[in-house]
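Work through the exercises below with the structure open. Each task is followed by a solution in steps.

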Amino acid sequence: MEEIMKTEEMVAPEEPIAEKALTPPTAPKKTMHIHENRVFHIVNYILLTLIVLLCLVPFVNIIAKALSTYTGKAVFLLPHEITWYNFSYVFTNWPYFRSFLVSAGVTLCGTALSVGVMFAAAYALSKQDFPLRKGVMVFFIIIMLFSGGIVPNFFVMKMLGLLNTPLALVFPSVVQVYNLILLKNYVEGVPREIEESAHIDGATNLQVMVKILIPVSLPAIASVALFTAVTYWNNYFNALIYLSPSSEQFYPLALFINNYINSAANELGDLTYYHQKSFIEMAMIIVSIIPILAVYPFVAKFFVRGVTVGSVKG
Amino acid sequence: MKDAFDKTLKAKWKKNKSLVPFVLPAIVFGVLFSYLPMVGLLIAFKDNINFIRYDNPIQAFLAADWTVKHFQKIFSDPEILKYIANTLIISVLKIVILFPLPVVLAVMITEAQNRGFSKATQMAVFLPHFLSWVVITGIFKSILALDGPVNRLFGTEIFWFGEDKLFRWLVVFMSGWKEIGYSSIVYVSAILAIDPNLYEAAKLDGAGKFRQIWSITIPSILPTIITMLIIRVGYLMDAGFDQIYTMISSTTRNSGEIIGTYVYRISLGENAGQYGLSTAVGLFNGVVALLLILITNKIAKKATGTGIY
């Protein structure tokens, strides 16, 4: 606040210039504005704090629930009778752990494959005189704008023999056209001279790409990789349509949790479990978002750049 | 003329053919997982396709009769028309209620002069975007449960996720909770790009904060706002499958079922098997969506000189 006051004071001596304005401010009006500005900033800070709380309170609430023993009372921000029952249930639940591993594997393989394939294509398409460059770009943009839909996708996967395999969770999301455009724009921004001198020294395209362009493009690759990883980690749609209940050993974590939440516990079974189930769900959710929280600071560093890079070039 | 073209193409080919293997994997994945399914859209014109009797989908496809009855059904079946209406209503509600909010949030974030506070705010409000809809819906189902904190706090007994009348509003609210923060990024960077001298001049003219926002900030980012709005309208047919699939139940289907969830339900979901009709509805939806995107993108390019591609 002090800083704001200072700038206002610094402006004050220049009053004569202000008189040239369309609506010349009078002296009392000026003080009114300073007052208005102070109120504006106070209200702004309060509202922003409330918005931040609105975003974070649900997380505090689910953490409290995940640590609570069921007492019949609603849990707000603090846990009731702290217990590790819910978390230990999650950590000793083999299907949950299995789904966690499936998601981790699919995310790692999918991200590596997708970013690799997209970067190679971006490298070739960044060459202005690549044959049929425009046509190939149209080929990819059509993919971004139109798709066959659920049934045709399902039967193509069936024909390819990929139904009920983990590959069905990886392959359909490999082509990420938005990432391709982003990487292509980035590579186009790299000075040609570096590449050309390497070519004169007899380097092949592959060597140029691996030894020169990939190191130079690391910031773009890292941001694209993080976004792709989040996409793979959160995806449940592919599993929903390409995996039948008989191959639930390949269910990714998101689908496993969704099904778990929608399943009912048996009142006649383990009574502790019956009471704790809704809190176990929260523990499952928390464990599932830990990988995202782990990479989030890095994602946050990149995403402003990602959005601007994508929108600069039409 | 054509000769010259052929020659340049040949020269280009000769010079760059060693680069072709670099695009090839991407093209193969595109053909297999995007273009082959597009050919599969012909299922929309088949009657009683029997994928169970024939193990090979192509045989099943060839054995079935051609028909256009699925498309006739789209325009005459009140149930399908209702789901199309739901899609449009939910989309329009999302645009009307949610579209302006990221602009407001971006102005607020950029007006907060404490950099640490501004950064922390951004970190907090962007976070929900990176979580899966399964997680978001799970959290809200728990908070809004019959014996959950919200009902206890207000002394109510509302079954939030089971009330047909509330469902659309819940969809809009949760969508806003997840995406408003992230959607503000583009406006934040647009506002940060405004020439600070404009504000200095306005201050000298005695303009207050609201006046500065109204007369400098908003006009300066108006092209961005218009572009984003036009692009958003282009996605009108997409009411959000990932979100609604995790939220919907049989009691909220009346006002909540959208084209996407219906297409899934009658092909592979609860009422599986109606492959022809499902594909036809999906195709109809896809074509309308494509036209909308192409038209709105043209308008965006004309209006502001930028588009998405």
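**Exercise 1.** State the handedness of the crossing of α5(A) and α2(B), then describe how these helices pack.

Solution. The model is predicted.
Step 1. α5(A) and α2(B) cross in a left-handed manner.

**Exercise 2.** Which residues of α5(A) and α2(B) meet, and of what class are they?

Solution. 
Step 1. From α5(A) come A:V117, A:M118, A:A120, A:A121, A:Y123, A:A124 and A:L125.
Step 2. They meet B:F22, B:V23, B:P25, B:A26 and B:F29 of α2(B).
Step 3. By class, this contact has 12 nonpolar residues, with no polar and no charged ones.

**Exercise 3.** Describe the contact between chain A and chain B.

Solution. 
Step 1. Chain A gives 90 residues and chain B 76 residues.
Step 2. Helix α3 (residues 27-66) of chain A supplies the largest share of the chain A side, 18 residues.
Step 3. The chain A side divides into 64 nonpolar, 16 polar and 10 charged residues.

**Exercise 4.** Into which domains is chain B divided, and how do they touch?

Solution. 
Step 1. Domain 1 is 2-66 and domain 2 is 69-304.
Step 2. Their C-alpha centres lie 34 Å apart.
Step 3. In the contact, 7 residues of domain 1 of chain B face 7 residues of domain 2 of chain B.
Step 4. The domain 1 side has 5 nonpolar, no polar and 2 charged residues.

Conventions: Residues numbered from 1 in each chain as written. Chains lettered and ligands numbered in written order. Predicted model: local features only at pLDDT ≥ 70, side-chain atom pairs only at ≥ 80, totals over all residues. Domains from an automatic or database assignment. Contact = placed C-beta atoms within 7 Å. Nonpolar A, V, L, I, M, F, W, Y, C, P; charged D, E, K, R; others polar. Left-handed = near helix turned anticlockwise from the far one by under 90°. Helix = DSSP H or I, 4+ residues; strand = E, 2+ residues; numbered from the N terminus.
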